[in-house]
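Dear colleague,

I am passing on the structure we spoke about, and you will find it directly below. My notes on it follow, and I would be glad if you read them with the coordinates open.

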Amino acid sequence: MKTPPIQVAFDVGGTFTDFVLQDAQGRLHTHKRLTTYPDPSEACLAGLDELFAQAGVPCAELARAVHGTTLGSNIVIERKASHVALVSTRGFRDVLAIGRQKRYQLYDLQIDKPEPLIERDWIWEVTERTLADGSEHVALDEADARRVIAELKEKGVRSLAVCFLHSYSNPAHERAFADLLRAQAPEIEISLSSDVSPQFREYERTSTTVVNAYLKRAVRAYLAAMSGHLQARDYRGSLFVMQSGGGAATAETMAEFPVRMIESGPAAGALVAAHYGALTGHPDLVAFDMGGTTAKLSLITGGAPQMVDTFELHRVRLAPGSGLPMNVRSLDLVEIGAGGGSIARPHLGTIQVGPDSAGSEPGPVCYGRGGAEPTVTDANLVLGYLNPENFAGGSLRLDVEGARKAIEEKVARPLGLNLEQAAWGIHALVNTNMELATRVVSIERGHDPRRLALVATGGSGPVHACRLVQALGIKTAILPAASGVASAIGLLVAEVKFDVSRTLLTALDAADPAALFTEMEAEAAAVVRHSTGDEPAEMRREVDLRYIGQGYELTVPFESASKARAAFEELYARRYGMASPEEAVEATTWRLTAVGRLATVELPHFQSGVLPEPHRRRAWFPESEGWTEAAVYRRDALPAGARLRGPAIVEERESTTVLPPDMEAEVDAYGNLLVSA
Amino acid sequence: MSADAVDPITLGVVWGALQSICVEIGSTVQRTAYSIQAREGQDFSVAVFDAQGRMSAQGPYSPGHMGAMSFAIRNFMDAFPADRLEPGDTLLLNDPQLGSGHFPDFLVTQPCFWKERLVGFGVNLVHHTDVGGSRPGSQAVEGIFDYHQEGLRIPPVKIVEAGRENATALAIIAANSRVPRNVLGDLRSQRASLLVGEQRLRELHERFGAETVAACVDAMLDQTEQRVRARITEMRDGAYEFEDFMDDYGTGTPPLRIHVTVTVAGDRLAIDFDGTDAQTESGLNSYFNYTRSYVYAAVKCLTDPYGPMNAGALRAVEIMAPEGCFLNPRRPAGGGPRAAICSRVFEVILGALAPALPEAVTAANSHFCNATFGAWDPVRRRRFVGYELIHGGIGGRAAKDGCEAMSSPYNAANIPVEAVEANTPVIVERFGFIPDSAGAGKQRGGLGVRRDVRILGESIKFTNLSERHRFAPFGLFGGRPGKLGRTVVNPGTDRERQIGGKASVDLDYGDVVSFQLAGAGGYGDPRERDPEAVRRDLRLGLVTPEGARGDYGLET
């Protein structure tokens with residue numbers, strides 16, 4: 001076996017920054033540090049230095065460093081950038097503020113839209129117009145453009161988004177404007193919509209381009225500083241950054257298209273789920289990540305996470321339609337307000353769990369930090385699933401009495417239930433919420449959950465995973481070891497990837513995309529070559545298709561028109577019940593992904609041995625008609641090959657696995673728990 | 001099993017499942033529909049009913065059809081009692097009185113059977129592009145004196161019988177539309193989505209059994225009813241009156257009065273439109289199902305915006321309108337363009353209840369515009385139907401300005417300029433806010449929006465459907481009304497002329513129609529507005545210096 005390259009990954013999360021280093025012997029070294037504010041790179045660098053020391057590996061021997069960051073998302077949430085402007089086609093200054101105008105809460109008269117990133121007095125119009133077929137209707141008025149550029153300079157604009165109507169069809173006017181800008185005001189950074197997101201629908205394209213412009217300066221400065229710090233430690237390779245679409249790209253590429261790295265965490269989580277699926281022979285699965293405030297669900301098919309080509313940033317209470325739309329390839333994720341901190345209350349004769357959360361401050365009642373509303377974690381504690389002495393590695397002693405009292409008073413008594421029924425109700429109803437979300441990511445996308453496996457990560461994921469697989473009829477749950485640094489491992493397994501796309505509206509039968517693909521391949525291959533020093537290992541061609549007259553598309557692989565058509569019909573029928581083979585099909589957006597392969601990560605093996613004698617603890621299960629003695633194990637003491645039978649509880653530093661009565665789990669060679677229903 | 005016997009946990013699980021079935025039906029409609037208003041504008045609704053015909057859950061789409069759906073299902077059941085339904089049936093109607101008030105709304109339902117027993121219905125309603133009649137789009141106001149001029153009327157029929165398509169009915173429907181392919185495509189979409197819903201409903205019964213599901217529905221409706229009643233009880237008892245006017249019902253016609261009395265008595269609301277003007281000899285009438293829909297929507301907004309919407313939510317509300325008034329017309333009154341009425345029905349309820357619920361209401365909204373036009377496309381050499389859906393802003397609120405550029409309660413999205421231009425031979429020349437149009441107030445209303453559309457068609461039959469050209473959106477508590485809207489043909493040229501909000505006109509190749517929506521009403525005395533807020537609006541160009549001085553006394 002050849003020596004694996006030394007690689008490190010570091011992932012900045014809201015609370016913790018996670019680190020994983022794989023040494024030349026293939027061993028994984030992990031580390032965790034509190035994220036630092038306002039400068040998260042402090043924790044990154046301190047943690048990296050500690051990890052290098054801990055692993056005995058000098059930074060100079062490092063072959064590859066991969067970074068996951070929430071920087072982009074934070075800049076947008078906190079509206080931190082300034083001096084960002086937008087230039088639009090004359091007559092369309094208000095596209096960004098108008099948006100799509102649909103109420104994201106049907107009956108709430110008090111709703112507001114997210115504040116636009118660019119206020120109206122930072123938006124200019126230029127005389128020009130292109131039509132849908134790409135033809136020029138009004139030439140770009142150069143005198144007008146120069147006047148606008150002079151005003152941009154005067155105003156102190158530093159980063160500019162340009163979005164002209166139909167520029168996806170013909171980018172000439174945007175490019176001509178960019179040339180004028182570079183000549184007249186080279187100090188202004190520019191993001192053209194025809195480069196960032198050459199796709200039709202002006203609001204979504206403008207929104208994407210504006211976010212790109214908004215992030216550009218801060219992201220470039222941050223990544224340059226981070227690369228500089230690594231170089232100062234004698235690292236000679238490129239710094240790679242995780243994109244929302246699950247591929248890594250170099251810091252230089254991301255500095256040009258920062259909108260692509262806006263949400264890298266969930267993609268990393270899904271990649272690691274796919275990786276564990278591959279290790280255990282399950283290419284099709286649901287990735288289930290349940291943390292303190294939300295649960296995230298996504299679908300992996302054929303070993304690859306399902307992607308979407310548009311997503312919304314910062315939804316209001318997770319409501320669809322309330323966020324900023326981004327035409328960026330990203331994980332097809334359903335996120336719901338169901339986490340350990342989700343608050344439970346009586347509502348309409350049943351128990352409502354979430355979507356609001358006690359978060360980590362004040363947190364659940366049992367944290368003893370002033371939380372007064374009963375939460376999912378409180379219910380799990382009352383049911384005996386969590387160990388009050390060994391939560392978060394024993395760093396936090398949980399208040400069982402407080403949790404009992406809160407559930408008794410606020411849920412059980414108003415609904416006429418006893419304490420255990422109420423706690424079980426909270427546990428069961430948060431499971432229902434997650435079950436429905438799982439149906440959305442599986443059935444709505446045409447996959448029967450009974451044929452899928454489930455990989456659970458996150459602090460609360462393994463507490464609920466077995467119930468979720470029971471409710472959905474899923475046969476196997478995979479509960480990975482080291483799930484606490486799962487997303488950092490996800491960074492290590494990410495391929496180098498670059499996606500490009502172009503809108504070309506045409507009947508599929510009449511389509512001739514050869515030139516388009518050649519152009520896109522050249523563009524994407526250059527990025528991959530620059531990143532890996534090698535030709536791309538794979539070029540994936542795809543196309544968005546719809547029946548002529550429809551407004552939403554499905555993305556299918558493109559090899560030939562007839563094969564794409566067949567793939568479309570199959571996917572359409574799978575997703576929507578029936579296809580219409582007699583109808584004409586139209587292509588809208590053509591997509592190309594260049595993939596560069598890198599050495600894969602080998603996970604460490606667990607030793608086999610004898611299952612240690614468990615502790616025993618009382619836990620409440622409806623199957624046992626109440627309290628019963630459950631076997632309690634420590635995760636790191638489980639030998640490979642061991643078999644457990646529920647009721648059992650497996651504790652580890654960051655999480656707890658609950659195995660209900662009659663369910664069985666096996667410890668595999670990597671220390672994963674494989675649960676069979 | 002009785003509702004009381006359901007445990008809270010099972011109730012929660014079944015409730016969540018029924019809700020998610022609606023979402024699944026709705027997302028399938030949106031993704032498979034053909035017509036632009038359904039897929040981009042989301043002008044459709046979905047719901048699930050139980051075997052007794054009670055609405056158990058609805059999806060989060062257009063609320064305008066909701067009141068109608070409840071009654072339409074009963075009308076389906078009258079025409080086809082349970083013993084005449086079988087698995088694989090799909091039923092359709094578009095009769096205005098039995099359904100949702102105009103022909104373009106196709107109500108489609110599919111009974112769900114489990115163990116050979118009828119256990120419920122999936123229902124959806126999609127606004128179709130054109131179902132014939134005198135004007136393309138089937139929504140003309142002028143030149144209509146009864147609904148026989150508005151297109152094809154379909155009584156309850158089985159378009160699919162036990163899985164076999166009724167080719168005769170479909171052929172007749174297609175033959176009566178100007179865009180048969182769209183109509184058939186949308187019908188297929190409606191049916192496909194209901195197949196998905198039926199499957200899910202069956203799975204739910206498989207898991208819990210029919211008795212438990214039925215008991216859960218009983219409990220859901222009871223709980224919802226109690227909650228709405230509790231909210232009504234919190235309102236101060238009394239009779240609250242309000243009045244507003246529709247501009248007209250065609251060029252040269254008088255305004256139409258809407259008068260409402262809302263009586264709060266204990267845990268009941270009675271809403272009576274006595275005093276409202278008589279039905280018109282035009283398309284502008286709102287059949288009672290449609291009127292009810294927007295009354296329910298308003299009540300829900302004011303009482304329990306995040307509560308469930310089901311048959312239980314409707315029980316505490318009694319709605320009356322004298323037969324023969326334009327909010328409860330007798331057959332065969334026209335009703336094609338009735339969407340122009342819904343906002344006003346909604347707003348008069350808000351206006352009436354403002355003294356009782358000052359924190360919850362908003363001042364009047366910009367009215368939306370839903371113009372349609374048909375013409376010959378000389379380039380593609382075919383006739384086409386164009387459709388515009390333009391929204392302005394929401395009225396001022398107790399604690400903040402009205403929401404800018406947001407759909408009113410009918411809740412539709414706008415249609416992207418790039419999508420419109422790719423589909424129809426038009427050029428949108430501008431789309432943006434109208435400065436100084438917002439109704440002044442301590443909290444101002446949202447701004448009016450202007451959209452100019454150049455139509456590159458020959459022999460254009462243009463049908464306007466706009467409002468607030470004569471009666472401005474009202475303000476509340478001292479807030480000023482918004483600026484009036486206008487529709488202008490060829491603005492800024494020597495051929496400029498204004499046309500009425502309901503006008504049907506012939507236009508020439510290349511004519512521009514400028515839709516200028518009214519501003520929404522303000523809330524509270526403008527003199528109390530924070531000067532910083534006025535300066536901000538000034539900086540953003542949303543008010544002009546003259547407007548800031550005139551409306552707010554701000555010297556610049």
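Into which domains is chain A divided? The model is a predicted one, and in it chain A falls into domain 1 (77-219), domain 2 (268-494), domain 3 (496-596) and domain 4 (616-676).

**Domains 2 and 4 of chain A**

The C-alpha centres of domain 2 of chain A and domain 4 of chain A are 18 Å apart, and the contact involves 28 residues of domain 2 of chain A and 26 residues of domain 4 of chain A. On the side of domain 2 of chain A that touches domain 4 of chain A, the elements giving two or more residues are helix 9 (265-279), helix 12 (419-442), helix 13 (461-472) and strand 24 (476-479) of chain A. Helix 13 of chain A has the largest share of that side, with six residues. Sorted by class, the side of domain 2 of chain A that touches domain 4 of chain A holds 15 nonpolar, 10 polar and three charged residues.

**Where chain A meets chain B**

The contact between the chains takes in 55 residues of chain A and 64 residues of chain B. For the side of chain A that touches chain B, at least two residues each are supplied by helix 3 (95-98), helix 7 (202-232), strand 22 (350-357) and helix 12 of chain A, and helix 12 of chain A provides the largest share, seven residues. The residues on this side of chain A comprise 23 nonpolar, 17 polar and 15 charged.

How do helix 12 of chain A and helix 1 of chain B cross, and at what angle? The axes of helix 12 of chain A and helix 1 (residues 8-32) of chain B come within 10 Å and cross at roughly 15°, and the two helices are therefore roughly parallel to each other. The crossing of helix 12 of chain A and helix 1 of chain B is right-handed. From helix 12 of chain A the contact is made by G425(A), A428(A), L429(A), T432(A), N433(A), L436(A) and R439(A), and from helix 1 of chain B by P8(B), I9(B), G12(B), V13(B), G16(B), A17(B) and S20(B). Taken by class, the residues of this helix contact are seven nonpolar, six polar and one charged.

**Chain B: domains and sheets**

Chain B is divided into domain 1 (3-223) and domain 2 (362-556), whose centres, taken over C-alpha atoms, are separated by 33 Å. Their contact takes 21 residues from domain 1 of chain B and 21 residues from domain 2 of chain B, and the side of domain 1 of chain B that touches domain 2 of chain B is made up of six nonpolar, nine polar and six charged residues.

One open sheet of chain B has five strands in the order 14-15-20-17-18, with antiparallel pairing. Strand 14 (426-433) and strand 18 (497-499) of chain B stand at the edges with a single partner strand each, so one side of each is left without a neighbour in the sheet. On average, and ignoring direction, neighbouring strands of this sheet are turned by 20° against each other. Within the sheet, strand 15 (residues 449-455) and strand 20 (residues 512-516) of chain B pair in the antiparallel sense over five bridges, and V453(B) has V513(B) in strand 20 of chain B as its bridge partner.

Another open sheet of chain B is formed by four strands in the order 13-12-16-19, and the pairing is antiparallel. Its edge strands, strand 13 (382-387) and strand 19 (504-507) of chain B, each pair on one side only, and the twist averages 15° from one strand to the next. Strand 12 (residues 372-377) and strand 13 of chain B pair in the antiparallel sense over six bridges, with A375(B) opposite F384(B) in strand 13 of chain B.

**Backbone details to look at**

The peptide bond from G354(A) to P355(A) is cis, with omega near 0°, and P355(A) is found in strand 22 of chain A. The peptide bond from R331(B) to P332(B) is cis as well, with omega near -5°, and P332(B) lies in the loop between strand 11 (317-320) and helix 9 (339-353) of chain B. Finally, E625(A), a residue other than glycine, has a positive phi near 55°, and its place is in the loop between strand 29 (615-621) and strand 30 (626-634) of chain A.

With best regards

Key: Residues are numbered from 1 along each chain as its sequence is written. Chains are lettered from A and ligands numbered from 1 in the order in which they are written. This is a predicted model: local features need pLDDT of at least 70, side-chain atom pairs count only at pLDDT 80 or more; totals for chains, interfaces and linings use all residues. Domain bounds come from an automatic or database domain assignment. Two residues are in contact if their C-beta atoms, placed from the backbone, lie within 7 Å. Ala, Val, Leu, Ile, Met, Phe, Trp, Tyr, Cys and Pro count as nonpolar, Asp, Glu, Lys and Arg as charged, and the others, Gly among them, as polar. Axes are lines fitted to C-alpha atoms, for helices over the stretch in contact, and angles run from 0 to 180 degrees between N-to-C directions. Angles under 35 degrees count as roughly parallel, over 145 as roughly antiparallel, 65 to 115 as roughly perpendicular and the rest as oblique. A crossing is left-handed if the near helix is turned anticlockwise from the far one by less than a right angle, and right-handed if clockwise. Two strands pair if DSSP finds at least two bridges between them.
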